[in-house]
Amino acid sequence: MTYNNPADPHLAQAARQILQARLAPRVEVQTFFDEATFTATHVLHDPATKRGAVIDCVLDFDTAAGRTTTTSADAVIAYLRTTGITLDWLLETHAHADHLSAAPYIQQHCGGRIAIGREILAVQTVFGKIFNLGDEFARDGSQFGHLFDDGATFSLGAIPVIALHVPGHTPADMAYIIGDAAFAGDTLFMPDYGTARADFPGGDARQLYRSIRRLLALPDETRVFLCHDYKAPGRDAFIWETTVAAQRATNIHVHDGISEDAFTAMRTARDATLGMPRLILPSVQVNIRAGQMPPPEDNGASYLKLPLNLL
């Protein structure tokens, strides 16, 4: 066991959960990878009860045409129906900047509650100003079915779940510890690719380092599922599953021995060279609304804003 922060009660509880999971059926995970956005949508369930969750689902979006389609989400729905999984949760790790969420569409067909971390309120406040959204846009998280606080616990069938607040990439990032598996969102990438950027509004490289070290204090054998993969140089296949042990030993940005100051300097310099994600403007407008489009205007159409020279 590599847990080494007994002052953090939520992490201690998560570590105990992971160790106890060795004696129980593991959560089963089926991943759907969307190469257009490099996003891994994880569909998971308790094999004993068939209660399930979907984490970070994708609504296909053609930027040039301004058109959404549901091919990616339909594959998830077909899998849920074929396997007989009852969908309890549609979990978002954060308000993504690289894809639109399909959570409302999947909910319409399969049920489930849409949930995210409570700090989405901070993201709604920041981007409500950036997009100059009016009073019709509530900044209280009410678009979501549930808001998780740090350390919140619930169950997926008989499998325990702990929600951990891991800010830095954005203020609202959450990781979900489900049985023996951690779903880390954008906080970490595969060890040969490194870590998430921290230069979005509300992001913070020092916070990101602390959040990552918090996750890497979990037991070595913890399975870690990631939201994205971009195929590091020299690697031919997309991969989205690793372990705490592998991250601690070989993550090129944050392996054991890398200090907070060194990481912050590296991350800040690297982020300064990165362009904005291709879908950040449409994605964030939709995702801060829990995947809903802006209210239709008097012609029945919804419109997305494009702020000029602001970001």
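Contact here means heavy atoms within 4.5 Å. The model is predicted. In this model, helix 2 meets helix 3 through residues on both sides. Helix 2 contributes Ala73, Asp74, Val76, Ile77, Leu80 and Arg81. Helix 3 contributes Tyr105, Ile106, His109 and Cys110. By class, the residues of this contact divide into 7 nonpolar, 1 polar and 2 charged.

The geometry of the pair was then computed. Helix 2 spans residues 71-83, and helix 3 spans residues 103-110. Their axes come within 10 Å and cross at roughly 30 degrees. Helix 2 is therefore roughly parallel to helix 3, because angles under 35 degrees count as roughly parallel. The crossing of helix 2 past helix 3 is right-handed.

Pockets were examined next. Rolling a probe the size of a water molecule over the atoms shows where empty space is left. The largest pocket holds about 460 Å³ of space. Its lining consists of 22 residues. Asp98, Phe189, Arg197, Tyr230 and Pro277 lie nearest the centre of this pocket. The lining divides into 11 nonpolar, 5 polar and 6 charged residues.

The second largest pocket holds about 160 Å³ of space. Gln17, Gln20, Ala21, Ala24 and Pro25 are among its lining residues. Asp46, Ala48, Ala158, Ile159, Pro160 and Gly179 also line this pocket. Helix 1 (9-20) and strand 10 (159-165) each supply at least two residues of the lining. The lining of the second largest pocket has 7 nonpolar, 3 polar and 1 charged residues.

Conventions: Residues numbered from 1 in each chain as written. Predicted model: local features only at pLDDT ≥ 70, side-chain atom pairs only at ≥ 80, totals over all residues. Heavy atoms only, no water. Axes fitted to C-alpha atoms, helices over the stretch in contact; angles between N-to-C directions. Helix = DSSP H or I, 4+ residues; strand = E, 2+ residues; numbered from the N terminus. Parallel < 35°, antiparallel > 145°, perpendicular 65-115°, else oblique. Left-handed = near helix turned anticlockwise from the far one by under 90°. Nonpolar A, V, L, I, M, F, W, Y, C, P; charged D, E, K, R; others polar. 1 Å grid on protein atoms, 1.4 Å probe; cavity = no way out; pocket = protein on both sides within 12 Å on 5 of 7 lines; lining within 4 Å. Points joined across faces, edges and corners; volume = space filled by probe spheres on them.
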